[in-house]
Amino acid sequence: MQALLGILFHSLGGASSGSWYMPYNLVKKWRWEIYWIVGGLFSWLIMPYIATALTSPGWQEILSTTEPSTIRLTYILGVLWGIGGLTYGLGIRYLGMSLGNSVLLGITSLVGSLGLPLLRNVGSMGEVLPAGDSFTDMLSTTSGQIVLVGILVLMIGIVLCGKAGLMKDNDLSDIKEGVNSEFKLTTGLIIAAISGVLSAFFSFGIDAGREMGEAVREIAVTNNYPFVSDGKYLFENNIIFLVILWGGLTTNLLWTLALIFKNKTGGDFVDTKTPLLKNYLFCALAGTTWFLQFFFYGMGETKIGNGASSWILHMSTIILTANFWGFYRKEWAGVSRKTKTTILLGIGLILLSVIIMGIAKADFVN
């Protein structure tokens, strides 16, 4: 039952993440740097603060008493993750919602699910990482072996999605218009690869900040808080997200401010010739929806754990949702039936990997 709840929460988080960019398409007459930072303030500052203040007992004292090195490492990983978030937008711009998310988040899934287990097998590196399964541990257990099968299936799915991208590029070589007017396969794939690797640092940040989450859990369990089950507190990760997202805010704020000064676009914030109220509301909606992905991820993690299963479930659901929006926006219009079959097969394998991850965790729990 706990594993099923974990899958449900991760699915809700993935649906939020796969949908959050859509409200930005409704923002009118604002330059990218303006709507990106307005929405980002909700994503990385306002909503994380509200969630932490409402659900994390003793959070201020915990932050003040946590080892500075823990806060610093969690924040730095957030800064690096923030670079991945910045390049995400460009990757989606050049590849589209469907192909861009499939490739980008597929890479993130692989790095996030295998990165820490592999590093735990690397000499002294494993000694400074938070406790958890190493790659050797995964090889020696039934659940770990099933997870690795799921990762293999995911890799095949990513390759097929990439192949579909090549086929799409050939199909549209002479006709690129509408949502595909900016389609640039090579540039998009390079950016997606960079973003995919750095975006996985969010998962590493959760492990680095584990001490803070455990402190919240101890208070919640000791005082019989609601939403405590099997010795875990459903919202214990929100305080970790707060610190990681400070790092993401830093990266994005510096970059967007540089663009605002360079392009002299600061007037967009108050330009009455634009639909100001609607623009702010759509940006707030995008930013809030974006944060919900990790709010639900934290809930799912308390049921499954921050291992390969959690990360890959979360990422695969995002890929599926983003592909739904990609087809809705007709990003695959004008391509051959063979190309559509290839991308659908790739998406199907990604879905299969989600099912395999669920089976692996159920086997582990039982």
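Tutor: Start with a rule for handedness. A crossing is right-handed if the near helix is turned clockwise from the far one by less than a right angle, and left-handed if anticlockwise. Keep in mind that this model is predicted.

Student: What secondary structure does the protein have?

Tutor: The protein comes to 15 helices and two strands. Of its 366 residues, 55% are buried. Take the contacts between residues at least 6 apart in sequence: 81% of them join residues at least 24 apart.

Student: How do I describe two packed helices?

Tutor: Now the case. Helix α4 covers residues 68-95, and helix α12 covers residues 238-263. They pack at an angle of about 50°, with their axes 7 Å apart. That makes α4 oblique to α12. The crossing of α4 past α12 is right-handed.

Student: Which residues of α4 and α12 make the contact?

Tutor: From α4, the contact uses I71, T74, Y75, G78, V79, W81, G82, I83 and L86. From α12 come I240, V243, I244, L245, W246, G247, G248, T250, T251, N252 and W255. Sort them by class. The contact of α4 with α12 has twelve nonpolar, eight polar and no charged residues.

Student: Why do residues three or four places apart matter in a helix?

Tutor: An α-helix has 3.6 residues a turn, so residues three or four places apart point the same way. Look for that spacing in the next list. T70, L73, T74, L77, L80 and W81 in α4 meet F201, F202, F204, G205 and A208 in α10. That contact divides into eight nonpolar, three polar and no charged residues.

Student: At what angle do α4 and α10 cross?

Tutor: Helix α10 covers residues 201-208. The axes of α4 and α10 cross at roughly 170° and come within 8 Å. An angle over 145 degrees counts as roughly antiparallel. So α4 is roughly antiparallel to α10.

Student: And how do α10 and α12 cross? What is the angle?

Tutor: Their axes cross at roughly 130° and come within 9 Å. That makes α10 oblique to α12. The crossing of α10 and α12 is right-handed. F202, G205 and I206 of α10 meet I240, F241, I244 and L245 of α12. The residues there divide into six nonpolar, one polar and no charged.

Student: How many residues does α12 have, and what span would be expected?

Tutor: α12 has 26 residues. From its first C-alpha to its last it reaches 36 Å, close to the 38 Å expected at 1.5 Å a residue. After α12 comes K264, whose phi is positive, near 55°.

Student: Now a single residue. Is L77 buried or exposed?

Tutor: Relative accessible area decides that: under 20% is buried, over 50% is exposed. L77 has 11% relative accessibility, so it counts as buried. L77 lies in helix α4. Leave out residues up to four places away in sequence, and L77 touches F201, F204, G205 and A208. Now compare sequence with space. L77 and G248 are 171 residues apart along the chain, yet their C-alpha atoms are separated by 8.8 Å.

Student: Is N279 buried or exposed?

Tutor: N279 counts as buried, because its relative accessibility is 0%. Its place is in helix α13, residues 276-304. Setting aside neighbours within four places in sequence, N279 is in contact with L26, V27, K28, W30 and T274.

Student: Which value does phi of K29 take?

Tutor: Phi of K29 is near 65°, a positive value in a residue other than glycine. K29 sits in the loop between α1 (2-19) and α2 (32-55). K29 is exposed, with a relative accessible area of 63%.

Student: Where is N224, and what is its phi?

Tutor: N224 is in the loop between α11 (210-222) and β1 (228-229). Its phi is positive, near 55°, and N224 is a residue other than glycine. At a relative accessible area of 68%, N224 is exposed.

How values were computed. Residues numbered from 1 in each chain as written. Predicted model: local features only at pLDDT ≥ 70, side-chain atom pairs only at ≥ 80, totals over all residues. Heavy atoms only, no water. Axes fitted to C-alpha atoms, helices over the stretch in contact; angles between N-to-C directions. Helix = DSSP H or I, 4+ residues; strand = E, 2+ residues; numbered from the N terminus. Parallel < 35°, antiparallel > 145°, perpendicular 65-115°, else oblique. Contact = heavy atoms within 4.5 Å. Nonpolar A, V, L, I, M, F, W, Y, C, P; charged D, E, K, R; others polar. Expected span 1.5 Å × (residues − 1). Buried < 20%, exposed > 50% of the residue type's maximum accessible area, 1.4 Å probe, protein only.
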